Amino acid sequence: MERISLQYKTASDYVYQQLRKQIFEKKLLSGQRLPEVAIAKELQVSRTPVREALRRLTNEGLVQIIPNWGASLVSPTKEEVFDTYEVRENLELMAIRKAVHKITPLQLCRLQEQIDAERKTFADRDLESYLKVNDEFHIIIAESSGNGALTSYIRNVLSRTFVQMIFFESFFDFDSNPSLEEHIALLAALEKRDEALCVKLMSEHIDLSIGSLKLDE
């Protein structure tokens with residue numbers, strides 16, 4: 001009989017949340033196989049909810065399922081990471097050039113709210129929440145550009161870097177948040193409507209972001 005806490009709606013949701021927790025806590029590593037039988041035994045459930053949970057994780061880009069082989073965590077290559085960040089940098093530089101002239105007081109306030117949230121999530125050592133807050137900061141800037149297509153492309157590339165950062169981010173190795181001061185500086189430059197400074201700071205921020213990833217381990 002499946003023993004599921006009342007906080008979970010279904011057995012599938014329970015398995016999904018447990019696997020996500022292990023991924024974000026780096027107890028499961030990039031490329032690691034995820035055998036249904038072993039997971040079902042460990043979590044005391046049948047194979048059906050395990051299969052459903054793995055499909056959800058596949059839709060999020062965290063897991064790959066190969067027919068006649070099984071499931072494993074994705075394993076982005078160093079080249080794929082660099083390619084993704086190259087696209088991201090070009091898109092975000094385009095966005096901030098536009099945003100600096102169009103951003104509203106409300107959007108500036110939303111950026112400040114993300115900075116405040118970023119402080120808390122880092123202090124809590126909550127990697128998932130930290131990555132979501134970080135992405136939201138960049139999405140607000142993209143939205144401020146006024147270009148819906150550009151915002152959509154940036155959301156897409158951020159979803160890719162989100163997955164890559166889960167596996168390669170050296171988040172837990174820092175005593176202080178390396179990106180917080182960079183976000184604060186970006187907000188100040190946007191408030192001053194300084195396009196050249198905004199572009200410079202965004203380029204440096206993304207370069208430093210990829211530089212912080214553990215790509216050689």
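Me: Why is D83 called partly exposed rather than buried or exposed?
Reply: This is a predicted model, and in it D83 has a relative accessible area of 40%. Buried would need a value under 20%, and exposed a value over 50%. With 40%, D83 falls in between, so it counts as partly exposed.

Me: Where does D83 lie?
Reply: In helix α4, which covers residues 78–102.

Me: What makes E79, E80, D83 and E86 a negative surface patch?
Reply: Asp and Glu count as negative, and these four are Asp or Glu residues that form one patch. A patch takes residues with over 30% relative accessible area and no salt bridge, with like charges joined within 9 Å.

Me: Which helix holds N134, and what is it in contact with beyond its sequence neighbours?
Reply: N134 sits in helix α6, residues 127–144. Leaving aside neighbours within four places in sequence, N134 is in contact with E118, S179 and H183. Contact here means heavy atoms within 4.5 Å.

Me: How do you know that L29 is in a loop?
Reply: Look at the helix limits: α1 runs 11–24 and α2 runs 36–43, and L29 lies in the loop between them.

Me: What is L29 in contact with, and how far is L29 from F168?
Reply: Setting aside neighbours within four places in sequence, L29 is in contact with L73 and F167. As for F168, L29 and F168 are 139 residues apart in sequence, yet 9.8 Å apart in space, C-alpha to C-alpha.

Me: What pattern does the protein follow along the sequence?
Reply: It goes α-α-α-β-β-α-α-α-α-α-α, with nine helices and two strands.

Me: What about the charges, how far apart are their mean positions?
Reply: There are 28 positive and 34 negative charges, and their mean positions are 6 Å apart. For scale, the C-alpha trace spans about 60 × 40 × 35 Å along its principal axes.

Note on methods: Residues numbered from 1 in each chain as written. Predicted model: local features only at pLDDT ≥ 70, side-chain atom pairs only at ≥ 80, totals over all residues. Heavy atoms only, no water. Helix = DSSP H or I, 4+ residues; strand = E, 2+ residues; numbered from the N terminus. Charge placed at Lys NZ, Arg CZ, Asp CG, Glu CD. Patch = residues over 30% accessible without salt bridge, like charges linked within 9 Å, V, L, I, M, F, W, Y side chains within 5 Å. Areas by Shrake-Rupley, 256 points an atom, 1.4 Å probe, with all protein chains shown as cover. Salt bridge = Lys/Arg side-chain N within 4 Å of Asp/Glu carboxyl O. Buried < 20%, exposed > 50% of the residue type's maximum accessible area, 1.4 Å probe, protein only.
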